[in-house]
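The points are grouped by topic.

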Amino acid sequence: MLLIDAVTAHDANSICVQATPDMHGWYADAQGDMPVHIVIELMAQAIAAHEALTRRLSGLPPAPGVLLGTRRLEATVTSLPGGRPVSVHATCVLRDDTGNGAYDCHVESDGESVVTATLKVHQPKDFSAFLLEHLT
């Protein structure tokens with residue numbers, strides 16, 4: 001499920017991506033808008049793109065990771081308008097040697113910040129072992 005359209009900016013600590021909510025997407029409400037809870041997935045995909053690009057610049061292949069969650073998502077809207085591009089910004093505020101990380105994220109619609117959250121992520125060194133440990 002790819003929800004982002006393009007990377008518009010990237011550096012060692014942050015990324016900005018563009019996404020256009022699909023008016024006919026599986027998540028679309030009766031008006032063709034994206035409910036705000038789906039925005040967490042937009043943020044997670046921006047983080048995944050940042051991690052992949054950062055690894056590529058270091059000569060490493062992309063590696064799987066997991067979204068651990070967020071304690072708080074703050075929104076001034078209940079949905080994002082379908083068919084209208086939004087910008088998703090993610091800035092790494094924590095990354096440790098165990099693979100844990102945190103990103104401050106926000107979504108802009110029509111140039112105004114409408115959703116913010118800090119997402120916690122984990123990129124284990126051995127993804128298969130991680131899955132076995134947590135799924136059994």
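How much space lies in the largest pocket? The model under discussion is a predicted one, and about 530 Å³ of space lies in its largest pocket. The points below begin with that pocket, then turn to individual residues and to the aromatic pairs.

**The largest pocket**

- The lining of the largest pocket comprises 24 residues, of which E51, A63, P64, G65 and Q123 are the closest to the centre.
- By residue class, the lining divides into eleven nonpolar, seven polar and six charged residues.
- At least two lining residues are supplied by each of α1, β4 (66–75), β7 (100–109) and β8 (112–122).
- Helix α1 gives the most to the lining, contributing seven residues.

- A63 is located in the loop between α1 and β4.
- Its relative accessible area is 29%, and A63 is therefore classed as partly exposed, a class that lies between the limits of 20% and 50%.
- When residues up to four places away in sequence are not counted, A63 touches R55 and Q123.
- A63 and L2 are 61 residues apart in sequence, and their C-alpha atoms are 17 Å apart in space.

**T54 in helix α1**

- T54 belongs to helix α1, which covers residues 39–57.
- A polar atom of the T54 side chain lies 2.8 Å from the backbone oxygen of H50.
- T54 also touches H10 and A12, with residues up to four places away in sequence left out of the count.
- Although T54 and H10 are 44 residues apart in sequence, their C-alpha atoms are 8.9 Å apart in space.

- S109 lies in strand β7.
- S109 is buried because its relative accessible area of 11% falls under the 20% limit.
- The contacts of S109 are with P81, V86 and V114, not counting residues up to four places away in sequence.
- D110 is found in the loop between β7 and β8.
- D110 counts as exposed because its relative accessibility of 61% is over the 50% limit.
- The phi angle of D110 is near 55°, a positive value in a residue other than glycine.
- In general, most residues other than glycine have a negative phi.

**S87 in strand β6**

- S87 is part of strand β6, which spans residues 86–95.
- With a relative accessible area of 24%, S87 is partly exposed.
- Leaving aside neighbours within four places in sequence, S87 is in contact with C16, V17, H106, V107 and E108.
- The C-alpha atoms of S87 and D126 are separated by 32 Å, and the two residues are 39 residues apart along the chain.

**Aromatic pairs**

- In general, a pair of aromatic rings is described by the distance of the centres and the angle of the planes.
- The count for this model comes to two aromatic pairs.
- One of them is formed by W26 and Y27, with 5.4 Å from centre to centre and 80° between the planes.
- The W26–Y27 pair is edge-to-face because its 80° angle is over the 60 degrees required.
- Is W26 buried or exposed? At 61% relative accessibility, W26 is exposed.
- Y27, by contrast, is buried, with a relative accessibility of 8%.

Methods: Residues are numbered from 1 along each chain as its sequence is written. This is a predicted model: local features need pLDDT of at least 70, side-chain atom pairs count only at pLDDT 80 or more; totals for chains, interfaces and linings use all residues. Side-chain values use heavy atoms; hydrogens and water are left out. Helices (H or I, at least four residues) and strands (E, at least two) are DSSP runs, numbered from the N terminus. Contact means heavy atoms within 4.5 Å. A polar contact is a pair of N or O atoms within 3.5 Å; within protein, one must be able to donate a hydrogen and the other to accept it, and residues adjacent in sequence count only if both atoms are side-chain atoms. Rings of Phe, Tyr and Trp (its six-membered ring) pair if their centres lie within 6.5 Å; planes under 30 degrees apart count as stacked, over 60 as edge-to-face and the rest as tilted. Buried means under 20% relative accessible area, exposed over 50%, partly exposed in between (1.4 Å probe, protein chains only). On a 1 Å grid over the protein atoms alone, a cavity is a set of points where a 1.4 Å probe fits but cannot get out, and a pocket is an open set with protein on both sides within 12 Å along at least five of seven lines; lining residues have an atom within 4 Å of a point. Grid points are joined across faces, edges and corners, and a volume is the space filled by probe spheres set on the points. Ala, Val, Leu, Ile, Met, Phe, Trp, Tyr, Cys and Pro count as nonpolar, Asp, Glu, Lys and Arg as charged, and the others, Gly among them, as polar.
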